[in-house]
Amino acid sequence: MKKVKMGIVGAGTWGETHAYIYNDHPVAEVAAICDMNSERAAALAAKFNIPASGIFTDHREMLERADIDAVAIVTPDFAHTRIAVDCANAGKHFIIEKPLTTTREEALEIVEAVERNGVRMMVDLHSRWSPLFAIPKQSIVDGEIGEPYSAYYRLNDIKWVATDLLPWAAKSSILWFLGYHSVDVLRWLFNDEVERVYAVSREGVLKQEGVDTVDIYQTILEFRGGGIVTMENGWITPNTNPNVNDMKLNITGTKGMFNIDPTHSQMLERFTETKADRPDMLVRHFIHGKPKGFAYESIRHFIDQLITDEPFFVTMEDAFNTTMVILAIMESAKTRTPVNVQYM
(Lines give C-alpha, C1' and ligand atoms only; values in the text may rest on other atoms or scores of the structure.)
Protein backbone atom coordinates (compact mmCIF):
# COMPACT_ATOMS: atom_id res chain seq x y z
CA MET A 1 0.00 0.00 0.00
CA LYS A 2 1.26 3.48 -0.89
CA LYS A 3 2.33 5.42 2.18
CA VAL A 4 0.85 8.77 3.13
CA LYS A 5 3.71 11.25 2.97
CA MET A 6 3.41 13.90 5.68
CA GLY A 7 4.86 17.38 5.92
CA ILE A 8 5.10 18.87 9.41
CA VAL A 9 4.99 22.62 10.02
CA GLY A 10 6.37 23.32 13.48
CA ALA A 11 9.40 21.41 14.76
CA GLY A 12 8.80 21.84 18.47
CA THR A 13 7.93 19.21 21.06
CA TRP A 14 4.58 18.29 19.58
CA GLY A 15 5.89 18.45 16.02
CA GLU A 16 8.39 15.79 17.09
CA THR A 17 5.49 13.81 18.54
CA HIS A 18 3.73 13.89 15.16
CA ALA A 19 6.91 12.67 13.48
CA TYR A 20 7.21 9.69 15.84
CA ILE A 21 3.58 8.73 15.22
CA TYR A 22 3.73 8.97 11.43
CA ASN A 23 6.92 6.92 11.30
CA ASP A 24 5.34 4.34 13.60
CA HIS A 25 2.23 4.09 11.41
CA PRO A 26 2.49 1.22 8.87
CA VAL A 27 1.28 3.33 5.94
CA ALA A 28 2.64 6.81 6.75
CA GLU A 29 6.00 8.52 6.83
CA VAL A 30 7.46 11.98 7.43
CA ALA A 31 8.70 13.46 4.17
CA ALA A 32 9.30 17.12 5.06
CA ILE A 33 9.88 19.37 8.07
CA CYS A 34 9.23 23.12 8.12
CA ASP A 35 10.07 25.56 10.88
CA MET A 36 10.98 29.25 10.86
CA ASN A 37 14.00 28.25 12.96
CA SER A 38 16.25 26.47 10.46
CA GLU A 39 18.39 24.82 13.15
CA ARG A 40 15.36 23.35 14.86
CA ALA A 41 13.97 22.10 11.54
CA ALA A 42 17.30 20.51 10.66
CA ALA A 43 17.62 18.87 14.08
CA LEU A 44 14.21 17.23 13.83
CA ALA A 45 14.85 16.19 10.23
CA ALA A 46 18.13 14.54 11.23
CA LYS A 47 16.38 12.55 13.95
CA PHE A 48 14.09 11.00 11.33
CA ASN A 49 16.63 10.71 8.49
CA ILE A 50 14.97 13.33 6.30
CA PRO A 51 17.39 14.68 3.67
CA ALA A 52 18.25 18.37 3.29
CA SER A 53 15.83 18.59 0.36
CA GLY A 54 13.00 17.97 2.82
CA ILE A 55 13.90 20.81 5.20
CA PHE A 56 12.13 24.17 4.85
CA THR A 57 11.73 27.46 6.70
CA ASP A 58 8.72 28.63 4.63
CA HIS A 59 5.59 26.47 4.50
CA ARG A 60 4.69 27.82 1.07
CA GLU A 61 7.96 26.57 -0.32
CA MET A 62 7.33 23.20 1.30
CA LEU A 63 3.87 23.00 -0.28
CA GLU A 64 5.33 23.82 -3.67
CA ARG A 65 8.46 21.66 -3.66
CA ALA A 66 8.04 18.75 -1.22
CA ASP A 67 6.61 15.38 -2.25
CA ILE A 68 3.83 15.25 0.35
CA ASP A 69 0.19 14.18 0.51
CA ALA A 70 -0.88 15.93 3.72
CA VAL A 71 0.34 18.39 6.33
CA ALA A 72 0.38 18.55 10.12
CA ILE A 73 0.10 22.14 11.36
CA VAL A 74 1.81 22.17 14.75
CA THR A 75 2.37 25.88 15.33
CA PRO A 76 1.18 28.31 18.04
CA ASP A 77 -2.55 29.12 18.09
CA PHE A 78 -2.25 32.45 16.32
CA ALA A 79 -0.22 31.02 13.41
CA HIS A 80 -2.72 28.49 12.04
CA THR A 81 -4.82 30.36 9.52
CA ARG A 82 -2.39 31.28 6.77
CA ILE A 83 -0.83 27.81 6.76
CA ALA A 84 -4.24 26.09 6.72
CA VAL A 85 -5.56 28.20 3.86
CA ASP A 86 -2.36 27.71 1.87
CA CYS A 87 -2.56 23.94 2.42
CA ALA A 88 -6.14 23.89 1.15
CA ASN A 89 -5.24 26.01 -1.88
CA ALA A 90 -2.37 23.62 -2.63
CA GLY A 91 -4.76 20.68 -2.54
CA LYS A 92 -3.21 19.15 0.60
CA HIS A 93 -5.21 17.50 3.37
CA PHE A 94 -4.21 18.71 6.83
CA ILE A 95 -4.52 18.16 10.56
CA ILE A 96 -4.31 21.19 12.89
CA GLU A 97 -3.37 21.05 16.52
CA LYS A 98 -6.16 22.77 18.40
CA PRO A 99 -7.59 25.33 18.15
CA LEU A 100 -8.86 25.75 14.60
CA THR A 101 -7.91 29.42 14.88
CA THR A 102 -8.56 32.32 17.26
CA THR A 103 -10.98 34.65 15.41
CA ARG A 104 -14.33 34.19 13.72
CA GLU A 105 -13.12 35.75 10.48
CA GLU A 106 -10.13 33.42 10.24
CA ALA A 107 -12.24 30.37 11.08
CA LEU A 108 -14.63 31.24 8.25
CA GLU A 109 -11.65 31.75 5.92
CA ILE A 110 -10.35 28.24 6.65
CA VAL A 111 -13.79 26.65 6.22
CA GLU A 112 -14.28 28.43 2.88
CA ALA A 113 -10.85 27.34 1.61
CA VAL A 114 -11.41 23.71 2.61
CA GLU A 115 -14.82 23.54 0.96
CA ARG A 116 -13.69 25.36 -2.19
CA ASN A 117 -10.68 23.10 -2.73
CA GLY A 118 -12.33 19.82 -1.74
CA VAL A 119 -9.60 18.82 0.73
CA ARG A 120 -10.03 17.09 4.08
CA MET A 121 -9.10 18.61 7.42
CA MET A 122 -9.29 17.69 11.08
CA VAL A 123 -8.51 19.56 14.29
CA ASP A 124 -6.73 17.35 16.82
CA LEU A 125 -9.27 17.28 19.65
CA HIS A 126 -7.74 14.20 21.20
CA SER A 127 -9.82 14.05 24.37
CA ARG A 128 -12.43 12.07 22.43
CA TRP A 129 -9.96 9.17 22.39
CA SER A 130 -9.44 9.19 26.16
CA PRO A 131 -11.04 6.28 28.04
CA LEU A 132 -11.96 8.83 30.71
CA PHE A 133 -14.46 10.36 28.27
CA ALA A 134 -15.08 7.60 25.73
CA ILE A 135 -16.49 5.25 28.38
CA PRO A 136 -18.95 7.84 29.76
CA LYS A 137 -19.89 8.77 26.18
CA GLN A 138 -20.81 5.16 25.35
CA SER A 139 -22.70 4.86 28.62
CA ILE A 140 -24.69 7.96 27.71
CA VAL A 141 -25.39 6.60 24.23
CA ASP A 142 -26.56 3.34 25.80
CA GLY A 143 -28.92 5.25 28.11
CA GLU A 144 -27.27 4.05 31.33
CA ILE A 145 -27.28 7.45 33.07
CA GLY A 146 -30.20 8.90 31.17
CA GLU A 147 -30.04 12.32 29.55
CA PRO A 148 -27.03 14.48 30.54
CA TYR A 149 -28.50 17.10 32.85
CA SER A 150 -25.64 19.05 34.42
CA ALA A 151 -21.87 18.92 34.78
CA TYR A 152 -18.86 20.45 36.47
CA TYR A 153 -15.56 20.38 34.57
CA ARG A 154 -12.27 21.69 35.93
CA LEU A 155 -9.26 21.53 33.61
CA ASN A 156 -6.31 23.61 34.77
CA ASP A 157 -2.53 23.68 34.25
CA ILE A 158 0.33 24.41 36.60
CA LYS A 159 2.01 27.81 36.19
CA TRP A 160 5.05 26.25 34.51
CA VAL A 161 3.04 25.76 31.31
CA ALA A 162 2.48 29.50 30.87
CA THR A 163 5.81 30.69 32.28
CA ASP A 164 8.22 28.12 30.82
CA LEU A 165 6.67 25.60 28.43
CA LEU A 166 4.99 28.08 26.08
CA PRO A 167 7.13 31.07 25.08
CA TRP A 168 4.05 32.43 23.28
CA ALA A 169 1.60 32.12 26.22
CA ALA A 170 1.08 35.90 26.34
CA LYS A 171 -0.25 35.73 22.77
CA SER A 172 -2.71 32.99 23.68
CA SER A 173 -5.13 32.05 26.45
CA ILE A 174 -5.83 29.12 28.73
CA LEU A 175 -9.14 28.95 26.86
CA TRP A 176 -7.38 28.13 23.59
CA PHE A 177 -4.92 25.82 25.29
CA LEU A 178 -7.23 23.81 27.59
CA GLY A 179 -10.69 25.39 27.42
CA TYR A 180 -10.95 24.29 23.78
CA HIS A 181 -10.65 20.65 24.89
CA SER A 182 -13.13 21.28 27.70
CA VAL A 183 -15.81 22.71 25.41
CA ASP A 184 -15.36 19.95 22.84
CA VAL A 185 -15.68 17.21 25.46
CA LEU A 186 -18.82 18.80 26.86
CA ARG A 187 -20.41 19.28 23.41
CA TRP A 188 -19.61 15.64 22.67
CA LEU A 189 -20.95 14.23 25.94
CA PHE A 190 -24.12 16.32 25.86
CA ASN A 191 -24.51 15.75 22.09
CA ASP A 192 -25.66 19.34 21.91
CA GLU A 193 -24.53 22.86 21.09
CA VAL A 194 -23.94 25.64 23.60
CA GLU A 195 -26.53 28.38 23.27
CA ARG A 196 -25.34 30.93 25.82
CA VAL A 197 -22.38 31.50 28.12
CA TYR A 198 -21.66 33.65 31.13
CA ALA A 199 -18.03 33.97 32.20
CA VAL A 200 -15.83 35.87 34.62
CA SER A 201 -12.05 35.98 34.68
CA ARG A 202 -9.21 37.14 36.86
CA GLU A 203 -5.62 38.15 36.09
CA GLY A 204 -2.52 39.30 37.94
CA VAL A 205 -0.56 36.23 39.04
CA LEU A 206 0.95 35.50 35.63
CA LYS A 207 1.47 39.20 34.91
CA GLN A 208 3.71 39.34 37.98
CA GLU A 209 5.65 36.47 36.40
CA GLY A 210 6.06 38.52 33.20
CA VAL A 211 3.35 36.74 31.18
CA ASP A 212 0.59 39.13 30.10
CA THR A 213 -2.41 36.82 29.94
CA VAL A 214 -5.54 35.97 31.94
CA ASP A 215 -4.99 33.62 34.89
CA ILE A 216 -8.35 31.89 35.11
CA TYR A 217 -11.87 31.75 33.67
CA GLN A 218 -15.03 30.53 35.40
CA THR A 219 -17.86 29.88 32.95
CA ILE A 220 -21.49 28.79 32.93
CA LEU A 221 -22.54 27.04 29.70
CA GLU A 222 -26.20 26.71 28.75
CA PHE A 223 -26.95 24.08 26.09
CA ARG A 224 -29.81 24.31 23.63
CA GLY A 225 -31.44 21.23 25.13
CA GLY A 226 -31.36 22.65 28.66
CA GLY A 227 -28.14 21.15 30.02
CA ILE A 228 -26.05 23.39 32.25
CA VAL A 229 -22.33 23.19 32.99
CA THR A 230 -19.88 24.98 35.26
CA MET A 231 -16.44 25.06 33.61
CA GLU A 232 -13.11 26.21 35.06
CA ASN A 233 -9.91 26.81 33.09
CA GLY A 234 -6.79 28.34 34.58
CA TRP A 235 -3.02 27.99 34.49
CA ILE A 236 -1.97 29.15 37.94
CA THR A 237 -2.15 25.81 39.77
CA PRO A 238 1.03 25.60 41.89
CA ASN A 239 4.00 23.92 40.23
CA THR A 240 4.15 21.50 43.15
CA ASN A 241 0.93 19.85 41.97
CA PRO A 242 1.78 16.18 41.26
CA ASN A 243 0.48 16.52 37.69
CA VAL A 244 0.82 19.20 35.03
CA ASN A 245 -2.98 19.07 34.70
CA ASP A 246 -5.51 19.57 37.48
CA MET A 247 -8.64 17.86 36.14
CA LYS A 248 -12.01 16.82 37.51
CA LEU A 249 -15.29 16.11 35.70
CA ASN A 250 -18.65 15.28 37.17
CA ILE A 251 -21.54 14.71 34.77
CA THR A 252 -24.99 14.04 36.17
CA GLY A 253 -27.73 12.49 34.08
CA THR A 254 -31.44 11.99 34.71
CA LYS A 255 -30.73 8.40 35.83
CA GLY A 256 -27.13 8.35 37.00
CA MET A 257 -23.76 10.05 37.24
CA PHE A 258 -20.08 9.84 36.32
CA ASN A 259 -17.33 11.21 38.54
CA ILE A 260 -13.88 11.50 36.92
CA ASP A 261 -10.84 12.52 38.97
CA PRO A 262 -7.65 11.16 37.33
CA THR A 263 -5.09 13.74 38.42
CA HIS A 264 -5.74 13.18 42.10
CA SER A 265 -5.78 9.38 42.06
CA GLN A 266 -3.03 7.31 43.65
CA MET A 267 -3.02 4.61 40.98
CA LEU A 268 0.67 5.18 40.28
CA GLU A 269 3.00 7.30 42.37
CA ARG A 270 6.76 7.75 42.08
CA PHE A 271 9.08 8.83 44.87
CA THR A 272 12.76 9.59 44.36
CA GLU A 273 15.35 11.47 46.36
CA THR A 274 14.46 14.70 44.54
CA LYS A 275 10.77 14.54 43.68
CA ALA A 276 7.40 12.93 44.18
CA ASP A 277 5.00 12.72 41.25
CA ARG A 278 2.30 10.69 39.54
CA PRO A 279 3.61 9.61 36.11
CA ASP A 280 1.41 10.10 33.06
CA MET A 281 -0.28 6.80 32.20
CA LEU A 282 -2.63 8.04 29.50
CA VAL A 283 -1.58 11.04 27.49
CA ARG A 284 2.09 10.92 26.46
CA HIS A 285 4.47 8.02 26.89
CA PHE A 286 6.36 5.34 25.02
CA ILE A 287 5.82 1.62 25.65
CA HIS A 288 8.34 -0.82 24.17
CA GLY A 289 9.77 2.07 22.17
CA LYS A 290 6.49 3.03 20.51
CA PRO A 291 4.32 6.14 21.13
CA LYS A 292 1.22 5.14 23.09
CA GLY A 293 -1.58 7.08 24.78
CA PHE A 294 -4.91 8.60 23.79
CA ALA A 295 -3.36 11.87 22.59
CA TYR A 296 -1.46 9.85 20.00
CA GLU A 297 -4.47 7.85 18.79
CA SER A 298 -6.21 10.91 17.38
CA ILE A 299 -3.21 11.63 15.13
CA ARG A 300 -3.16 8.00 13.97
CA HIS A 301 -6.88 8.35 13.28
CA PHE A 302 -6.16 11.18 10.82
CA ILE A 303 -3.97 8.83 8.76
CA ASP A 304 -6.40 5.92 9.08
CA GLN A 305 -9.33 7.95 7.78
CA LEU A 306 -7.30 9.44 4.93
CA ILE A 307 -6.51 5.91 3.77
CA THR A 308 -10.09 4.60 4.02
CA ASP A 309 -11.71 7.90 2.97
CA GLU A 310 -14.08 7.57 5.93
CA PRO A 311 -15.22 10.62 7.96
CA PHE A 312 -13.08 11.97 10.78
CA PHE A 313 -14.49 11.55 14.29
CA VAL A 314 -13.90 15.29 14.74
CA THR A 315 -15.66 17.24 11.99
CA MET A 316 -14.89 20.71 10.69
CA GLU A 317 -18.20 21.81 12.21
CA ASP A 318 -17.04 20.51 15.61
CA ALA A 319 -13.90 22.62 15.40
CA PHE A 320 -15.71 25.71 14.12
CA ASN A 321 -18.47 25.56 16.74
CA THR A 322 -15.99 25.01 19.56
CA THR A 323 -14.09 28.09 18.40
CA MET A 324 -17.30 30.11 18.46
CA VAL A 325 -18.03 29.03 22.05
CA ILE A 326 -14.54 30.07 23.21
CA LEU A 327 -14.92 33.47 21.53
CA ALA A 328 -18.27 33.94 23.30
CA ILE A 329 -16.67 33.07 26.65
CA MET A 330 -13.96 35.66 26.09
CA GLU A 331 -16.54 38.29 25.18
CA SER A 332 -18.64 37.44 28.23
CA ALA A 333 -15.67 37.67 30.58
CA LYS A 334 -14.76 41.02 29.06
CA THR A 335 -18.24 42.51 29.34
CA ARG A 336 -19.35 40.60 32.48
CA THR A 337 -22.64 39.81 30.73
CA PRO A 338 -24.25 36.65 29.28
CA VAL A 339 -23.40 36.17 25.57
CA ASN A 340 -25.24 34.10 22.99
CA VAL A 341 -22.93 31.98 20.84
CA GLN A 342 -22.85 33.07 17.20
CA TYR A 343 -22.46 30.13 14.83
CA MET A 344 -22.60 30.14 11.02
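This is a predicted model: local features need pLDDT of at least 70, side-chain atom pairs count only at pLDDT 80 or more; totals for chains, interfaces and linings use all residues.
The backbone contains a cis peptide bond between K98 and P99, with omega at about 0 degrees. P99 lies in the loop that connects β5 (93-97) to α5 (104-117).

N191 belongs to the loop between α8 (174-190) and β8 (194-202), and its relative accessibility of 66% places N191 in the exposed class. The other is R336, where phi is about 55 degrees. R336 is situated in the loop from α11 (316-335) to β17 (339-340). With a relative accessible area of 41%, R336 is classed as partly exposed.

The helices α5 and α11 pack against each other. Two packed helices are described by the angle between their axes and the distance between the axes. For α5 and α11, the angle is about 170 degrees and the axes are 10 Å apart. Because angles over 145 degrees count as roughly antiparallel, α5 is roughly antiparallel to α11.

On the α5 side, the contact is formed by R104, A107, L108, V111, V114 and E115; these residues meet M316, F320, M324 and L327 of α11. By class, the contact between α5 and α11 comprises eight nonpolar residues and two charged residues, with no polar residues.

Definitions and conventions. Residues are numbered from 1 along each chain as its sequence is written. Side-chain values use heavy atoms; hydrogens and water are left out. Helices (H or I, at least four residues) and strands (E, at least two) are DSSP runs, numbered from the N terminus. Buried means under 20% relative accessible area, exposed over 50%, partly exposed in between (1.4 Å probe, protein chains only). Axes are lines fitted to C-alpha atoms, for helices over the stretch in contact, and angles run from 0 to 180 degrees between N-to-C directions. Angles under 35 degrees count as roughly parallel, over 145 as roughly antiparallel, 65 to 115 as roughly perpendicular and the rest as oblique. Contact means heavy atoms within 4.5 Å. Ala, Val, Leu, Ile, Met, Phe, Trp, Tyr, Cys and Pro count as nonpolar, Asp, Glu, Lys and Arg as charged, and the others, Gly among them, as polar.
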